[in-house]
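My entries follow in the order I looked things up.

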Amino acid sequence: MAVSFLSRDVSDLCLGKPALRPVKADISVAEAVVELKRSGESHVSVWSCCSDHSTKALEGHNNCRCIGKISMVDVIVFLCKEENSRNLSKALQSPVSQILPSRIDIVRHLNPNSSLLEAIDCILGGTQNLVIPIQNNTSNNSRTKPASKPASPSSTDHGGVEYCWLTQEDVARFLLNSIGLFSPLPTFTIESLSIINYDIMTVGYHDLATSALGFISRANAEQTSVAVIDDDNRLIGEISPSTLAYCEETVAAAIASLSAGDLMAFIDCGSPTDDLLEMVKAKLEEKNLVALLRLVEEEYSAIFSSSSSSPLSLSSSASSAASSFSSDEELGLSRNSILGRYFARKTEAITCYPWSSLAAVMIQALAHRANNIWVVEEDQSVVGTVTYKQMLSVFGSIANPRPNKLPAGLPENSFKK
């Protein structure tokens, strides 16, 4: 039953999925930020056409392909670079291709009649999002699928076919809904299944947040997070790309000026406290990061206007430099168009133990919308992490089991039915 379940069409997972909104590969970073905020999603898809980069081409021709995805994490890391943090206007006018992940296998097109096992194999090969045509017809198993929702004005429609994408979380959720088919595998511990990743990224609570920038980029690429720890290696919280993806670009200013611990507080607040904002403002002025300072002041103008007599107000030289910084409208950023992008889950780290079962860890990850679950000992010292990719590797091994990878007590032919 388990193996036959893995043979189901991947199109079964597309039921109810919205059509992708296209972003042209030649737009600016500022325009990409606007699209991110307008979409309300954590990522938008980037498309390229062989002969025509127009929106019309994206909506009506089959010579277009999804070549990647971007999120606010990509934007924030880009703005934190030394040369960009001092000239935001220029940075935001850069082509979006500059912030696209270098790996081309991050997204992959897959036929709707491909099997669930093929989808899992793609994920195990490094794919994060699978681009699937949304079908309106009857699938191979003779079950009628409901018609997809009408395309939005900017949806990706290729000759009448819309596209959605499936994430690692979507695949894990689909498997969990039929977890009983894989018994007794879900009851095995993550330690016995050898899916704990001990190569983790950590940053000290009092360390500068800028020291974690490389880790944040890597965590975004590997669908995991950066652990924030104390001096005894105990887990305090995390800096998660899945949370940063719903933040504003002003988080770049917080990263440039705060410690890792204070950055967590900045993200958790949603609307940061006066004290945190004053701390950010003071540090930015100290580093003469005028462009980022201006960005923060415009974002939280109501708070700063009430303390205009503060000694932390801009010096005359800084004010002069800030006056040359382009306005949000000139950059294409509309702050009034989109509100409430902060994600419900903050920087609290979700944890499990080496002896936790696979099913329990899957439920945790899906319930908290977490890309990874931290593995800790009883004293809360962090030892590793488990991601969706590692969870899915267990199901991928069912069709082609390797004896040395099976947990003790599980016969090699357990799932060959």
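**Notebook: hairpin, sheet, rings, cysteines, pocket**

I began with a hairpin: β9 and β10 form it, with five residues between them, and Asn233 in the turn has a positive phi of about 65°. The model is predicted, so I note that local features need pLDDT of at least 70, side-chain atom pairs count only at pLDDT 80 or more, and totals for chains, interfaces and linings use all residues. Residues are numbered from 1 along each chain as its sequence is written, and side-chain values use heavy atoms, with hydrogens and water left out.

Helices (H or I, at least four residues) and strands (E, at least two) are DSSP runs, numbered from the N terminus. Two strands pair if DSSP finds at least two bridges between them.

**Entry: the hairpin strands**

I looked up how β9 meets β10. Strand β9 covers residues 226–229, and four bridges join it to β10. The two run antiparallel. Ile229 has Leu235 in β10 as its bridge partner.

Next I checked burial. I call a residue buried under 20% relative accessible area, exposed over 50%, and partly exposed in between (1.4 Å probe, protein chains only). Strand β10 spans residues 235–239, and four of its five residues are buried, so it is largely enclosed by the rest of the structure.

**Entry: a three-stranded sheet**

I then turned to an open sheet of three strands, in the order β11-β12-β13. Its pairing is mixed. The edge strands are β11 (351–352) and β13 (382–387), and each pairs on one side only. Strand β12 holds residues 372–376 and is joined to β13 by five bridges. These two run antiparallel. I found Val376 opposite Val382 in β13. As a reminder to myself, strands of a sheet pair through backbone hydrogen bonds, either parallel or antiparallel.

**Entry: aromatic rings**

How many aromatic pairs are there? I counted five. My rule takes rings of Phe, Tyr and Trp (its six-membered ring) as paired if their centres lie within 6.5 Å; planes under 30 degrees apart are stacked, over 60 edge-to-face, and the rest tilted.

One of the pairs is Trp47 with Tyr163, edge-to-face, at 5.8 Å centre to centre and 65° between the planes. This pair links distant parts of the chain: Trp47 sits in strand β2 (residues 43–49) and Tyr163 in strand β7 (residues 161–167), 116 residues apart. Trp47 is buried, with a relative accessible area of 1%. Tyr163 also counts as buried, at 15%.

Phe182 lies in the loop between α8 (168–176) and β8 (202–204), and Phe395 lies in helix α19 (residues 388–399), so the pair ties together parts that are 213 residues apart in sequence. Phe182 is buried at 0% relative accessible area. Phe395 is buried with a value of 0%. One aromatic cluster is formed by Phe5, Phe174, Phe182 and Phe395.

**Entry: cysteines**

I searched for disulfides, meaning pairs of cysteine sulfur atoms within 2.5 Å. The count is zero. Cys164 is buried, with a relative accessible area of 0%. Cys122 is buried too, at 8%.

**Entry: the second largest pocket**

Last, I looked for space. On a 1 Å grid over the protein atoms alone, a pocket is an open set of points where a 1.4 Å probe fits, with protein on both sides within 12 Å along at least five of seven lines; lining residues have an atom within 4 Å of a point. Grid points are joined across faces, edges and corners, and a volume is the space filled by probe spheres set on the points.

The second largest pocket holds about 350 Å³ of space. Its lining has 19 residues, and Asp74, Ile99, Pro101, Ser217 and Asn220 lie nearest its centre. Helices α4 (72–80) and α9 (213–222) each supply at least two lining residues. The most come from α4, with four. I also found α4 mostly covered, with nine of its nine residues buried.
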